[in-house]
Amino acid sequence: ITDLILQALTKNEITLMTNGEEERQFIHIYDCVKNMLIARNLTEKEIDFTNNQWIKIKSIAEIISRKFQCKLHVGEKKGYDNKIDANDTYKYLKFYINIEDGIDKVILDAKKYLH
């Protein structure tokens with residue numbers, strides 16, 4: 001996400017190395033920290049820090065290009081998926097920042113960093 005935002009900020013365009021059909025899961029750092037506090041009280045040996053929501057890289061790039069009103073170039077090469085099913089521990093966690101709001105927060109931070 002940060003790479004795509006930096007491309008938009010510095011080049012006014014986004015170029016994906018792949019066709020963007022590969023899927024990933026994202027959680028914002030704020031939610032990660034909040035959930036670490038929850039996790040320290042859990043007794044499970046392994047906790048999956050995920051909201052269990054998959055999103056295509058191309059969809060992320062489209063959100064960012066829309067926010068910057070910049071061109072998006074999608075590659076031809078197929079990316080890879082590495083989907084792993086989360087165990088049920090993710091159900092104990094809470095996520096407050098959706099993908100749109102998380103991207104907005106990263107954009108604000110990136111603008112501060114670049115200026």
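A pocket here is an open set of grid points where a 1.4 Å probe fits, with protein on both sides within 12 Å along at least five of seven lines. All views show a predicted model.

View 1. At least two lining residues come from each of H1 and helix H3 (57-68). H1 gives the largest share of the lining, with 3 residues.

**View 2. The largest pocket has a volume of about 350 Å³.** A total of 18 residues line this pocket, and those nearest its centre are Phe 26, Ile 27, Ile 97, Asn 98 and Ile 99. H4 contributes the most to the lining of the largest pocket, namely 4 residues. The lining has 12 nonpolar and 6 polar residues, with no charged residue.

**View 3. Helix H1 (residues 2-11) packs with H3.** The axes of H1 and H3 are 10 Å apart and meet at an angle of about 25°. H1 is therefore roughly parallel to H3, since angles under 35 degrees count as roughly parallel. The crossing of H1 with H3 is right-handed. From H1, the residues in contact are Leu 4, Ile 5, Ala 8 and Leu 9, and from H3 they are Ile 60, Ala 61, Ile 64 and Phe 68. By class, this contact has 8 nonpolar residues, with no polar and no charged ones.

**View 4. H1 packs with helix H4 (residues 99-114).** The angle between H1 and H4 is about 55°, and their axes lie 10 Å apart. This angle makes H1 oblique to H4. H1 and H4 cross in a right-handed sense. On the H1 side the contact involves Thr 2, Ile 5, Leu 6, Leu 9 and Thr 10, which meet Ile 103, Val 106, Ile 107, Ala 110, Lys 111 and Leu 114 of H4. The contact of H1 with H4 contains 8 nonpolar, 2 polar and 1 charged residues. Ile 5 and Leu 9 of H1 also take part in the contact with H3.

**View 5. H3 packs with H4.** The axes of H3 and H4 are 11 Å apart, at an angle of about 55°. H3 is thus oblique to H4, and the crossing of H3 and H4 is right-handed. H3 provides Ile 60, Ile 63, Ile 64, Arg 66, Lys 67 and Phe 68 to the contact, and H4 provides Ile 99, Glu 100, Ile 103, Asp 104, Ile 107 and Lys 111. By class, the contact of H3 with H4 has 7 nonpolar and 5 charged residues, with no polar ones. Ile 103, Ile 107 and Lys 111 of H4 also meet H1. Ile 60, Ile 64 and Phe 68 of H3 likewise meet H1.

Terms used: Residues are numbered from 1 along each chain as its sequence is written. This is a predicted model: local features need pLDDT of at least 70, side-chain atom pairs count only at pLDDT 80 or more; totals for chains, interfaces and linings use all residues. Side-chain values use heavy atoms; hydrogens and water are left out. Axes are lines fitted to C-alpha atoms, for helices over the stretch in contact, and angles run from 0 to 180 degrees between N-to-C directions. Angles under 35 degrees count as roughly parallel, over 145 as roughly antiparallel, 65 to 115 as roughly perpendicular and the rest as oblique. A crossing is left-handed if the near helix is turned anticlockwise from the far one by less than a right angle, and right-handed if clockwise. Contact means heavy atoms within 4.5 Å. Ala, Val, Leu, Ile, Met, Phe, Trp, Tyr, Cys and Pro count as nonpolar, Asp, Glu, Lys and Arg as charged, and the others, Gly among them, as polar. On a 1 Å grid over the protein atoms alone, a cavity is a set of points where a 1.4 Å probe fits but cannot get out, and a pocket is an open set with protein on both sides within 12 Å along at least five of seven lines; lining residues have an atom within 4 Å of a point. Grid points are joined across faces, edges and corners, and a volume is the space filled by probe spheres set on the points.
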